[in-house]
Amino acid sequence: MVSTEVSDDLTAFYLRHWKLLRGLLKRRTGSLDLAEDALQETWLRLASMTAPDTEIRDRQAFILRLAGNIATDLVRRERRHSSRAISDEAVLEAVADSTPSPETFVIDRDQLRQLVLALAQLPAKPRAALLMSRCDGLSHAEISTRLKVSESMVAKYLVRALCHCRDHFRRIG
């Protein structure tokens, strides 16, 4: 065991400089919780110390080194744990059902039915131009080749079809 005098000196120094130690450890760890955990562990190690081989000349440096090493170990342990831990968000995302709710299904089906009605009201070429553009992903040049019209006419067909669909959905509310 450490002589009572040395142990008392270390304990007294620790208690007198507790706030300073906490501030230093907080900056070092980036966390008040980790700093306080390091201080508690430092206290336990000081209380259970056996006689060192050499005399402790600078109690402040000794305690700072001890607390700093403990804080470093705690930060490393925390990082290892964090890298292995699964976040709550990841668990919820993995469990979440991506199937639409019955309400969403009914609303989407109704909107699709309305879109089919709006498209059915369009003349053949504007409807075909819109479907080739939006569903098939064709460019204006490709659509113009297929419909045997100019690219500017394709643009007019698309404007006409989109305006018609917009107006249809505005009417139904």
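Asp 73 is partly exposed, with a relative accessible area of 35%. Its side chain meets that of Arg 76 in a salt bridge, 3.8 Å from N to O. The model is predicted. Five salt bridges occur in the structure.

**Salt bridges**

- Asp 73 and Arg 76 sit three residues apart in helix H4, which covers residues 59–84. That spacing is about one helical turn.
- Why does such spacing matter? An α-helix has 3.6 residues a turn, so residues three or four places apart point the same way.
- Asp 110 is partly exposed, at 37% relative accessibility. Arg 113 is also partly exposed, with a relative accessible area of 45%.
- Asp 167 has 31% relative accessibility, so it counts as partly exposed, between the limits of 20% and 50%.
- Arg 166 falls in that partly exposed class too, with a relative accessible area of 39%.

**Helix H3: span and faces**

- Helix H3 runs over residues 32–47. It has 16 residues.
- From its first C-alpha to its last, H3 reaches 23 Å. That is close to the 22 Å expected at 1.5 Å a residue.
- Which residues of H3 are buried? They are Leu 34, Ala 35, Ala 38, Leu 39, Thr 42 and Leu 46.
- Seen down the axis of H3, these buried residues fall within an arc of 140 degrees, so they line one face of the helix.
- Asp 33, Gln 40 and Ala 47 are exposed on the other side of H3.
- A contact marks the start of H3: a side-chain oxygen of Ser 31 comes within 3.3 Å of the backbone nitrogen of Asp 33.

- Leu 44 is a residue of H3. Its relative accessible area is 47%, so Leu 44 is partly exposed rather than exposed, which takes over 50%.

- Is Ser 144 buried or exposed? At 10% relative accessibility, Ser 144 is buried, because the limit is under 20%.
- Ser 144 lies in helix H8, residues 140–147.
- A polar atom of the Ser 144 side chain lies 2.8 Å from the backbone oxygen of Ala 141.
- Ser 83 is placed in helix H4. It counts as exposed, at 61% relative accessibility.
- How far apart are Ser 83 and Val 159 in space? Their C-alpha atoms are 53 Å apart. In sequence, Ser 83 and Val 159 are 76 residues apart.

Terms used. Residues numbered from 1 in each chain as written. Predicted model: local features only at pLDDT ≥ 70, side-chain atom pairs only at ≥ 80, totals over all residues. Heavy atoms only, no water. Helix = DSSP H or I, 4+ residues; strand = E, 2+ residues; numbered from the N terminus. Buried < 20%, exposed > 50% of the residue type's maximum accessible area, 1.4 Å probe, protein only. Salt bridge = Lys/Arg side-chain N within 4 Å of Asp/Glu carboxyl O. Expected span 1.5 Å × (residues − 1). Arc of directions from axis to C-beta. Polar contact = N/O pair within 3.5 Å; in protein donor to acceptor, adjacent residues only side chain to side chain.
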